[in-house]
Amino acid sequence: MADEEREEQGAAANGDGALLDVLRRIERANFPFRVATPALVAEIEALLRAGLVEGGVGRSPVDAGKIAVVRRISALGRARLALTRDSARGALEW
């Protein structure tokens with residue numbers, strides 16, 4: 001099994017919580033942005049599949065490695081971020 005496949009399966013196995021953690025990390029990024037690190041590409045691929053971000057994955061013209069471009073966080077992604085903030089806020093009010 002290739003390293004990229006293992007990383008992708010690892011990102012998927014971590015589930016929704018891991019996707020939201022990644023989404024929180026990129027929430028304040030300057031869009032669009034590009035990543036080429038295999039682990040980060042796998043995380044972005046998982047976000048794309050979940051519909052939480054808009055962008056794409058392709059090959060670098062320089063070294064033919066995988067790259068991911070994120071154009072923006074989707075409306076669904078923004079809603080999920082808002083829900084997690086609201087849930088955390090409610091938990092703190094107890």
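The protein exposes about 6,000 Å² of accessible surface, of which carbon and sulfur atoms supply 54%; areas of this kind come from the Shrake-Rupley method with a 1.4 Å probe, and for residues only the protein chains shown count as cover.

The structure is a predicted model, in which local features need pLDDT of at least 70 and side-chain atom pairs count only at pLDDT 80 or more, while totals for chains, interfaces and linings use all residues. Residues are numbered from 1 along each chain as its sequence is written, and side-chain values use heavy atoms, with hydrogens and water left out. The average pLDDT, the predictor's confidence in each residue on a scale from 0 to 100, is 82 for the protein, and 76% of the residues score at least 70. Over residues 1-13 the pLDDT stays under 50. For this segment the model has eleven contacts (heavy atoms within 4.5 Å) beyond four places in sequence.

The protein contains four helices and three strands, taken as DSSP runs numbered from the N terminus (helices: H or I, at least four residues; strands: E, at least two). Along the sequence these elements follow the pattern α-α-β-α-β-β-α. Of the contacts between residues at least 6 apart in sequence, 57% join residues at least 24 apart.

Two packed helices are described by the angle between their axes and the distance between the axes. The axes of helix α2 (residues 15-26) and helix α3 (residues 38-50) come within 10 Å and cross at roughly 105°; axes are lines fitted to C-alpha atoms, for helices over the stretch in contact, and angles run from 0 to 180 degrees between N-to-C directions. Helices α2 and α3 are therefore roughly perpendicular to each other, a term that covers angles of 65 to 115 degrees (under 35 counts as roughly parallel, over 145 as roughly antiparallel and the rest as oblique). In this contact, L19, V22, L23, R25 and I26 of α2 meet L40, E43, A46, L47 and A50 of α3. By class, the contact has eight nonpolar, no polar and two charged residues; Ala, Val, Leu, Ile, Met, Phe, Trp, Tyr, Cys and Pro count as nonpolar, Asp, Glu, Lys and Arg as charged, and the others, Gly among them, as polar.

Two glutamate residues are buried. E45, in helix α3, has a relative accessible area of 11% and is buried. Its C-alpha atom is separated by 7.9 Å from that of G56, eleven residues apart along the chain. E27, placed in the loop between α2 and β1 (33-35), is buried with a relative accessible area of 15%. Residues up to four places away in sequence not counted, E27 touches I73, R78, L81 and R85. The loop between α2 and β1 also holds P32, and the peptide bond from F31 to P32 is cis, with omega near -10°.

The loop between β2 (53-59) and β3 (66-73) includes A64, which has a positive phi of about 65° although A64 is not a glycine. At 48% relative accessibility, A64 counts as partly exposed. S60 lies in the loop between β2 and β3 as well, but counts as buried at 14% relative accessibility. Residues up to four places away in sequence again excluded, S60 touches G65 and I67.

Note on methods. Buried means under 20% relative accessible area, exposed over 50%, partly exposed in between (1.4 Å probe, protein chains only).
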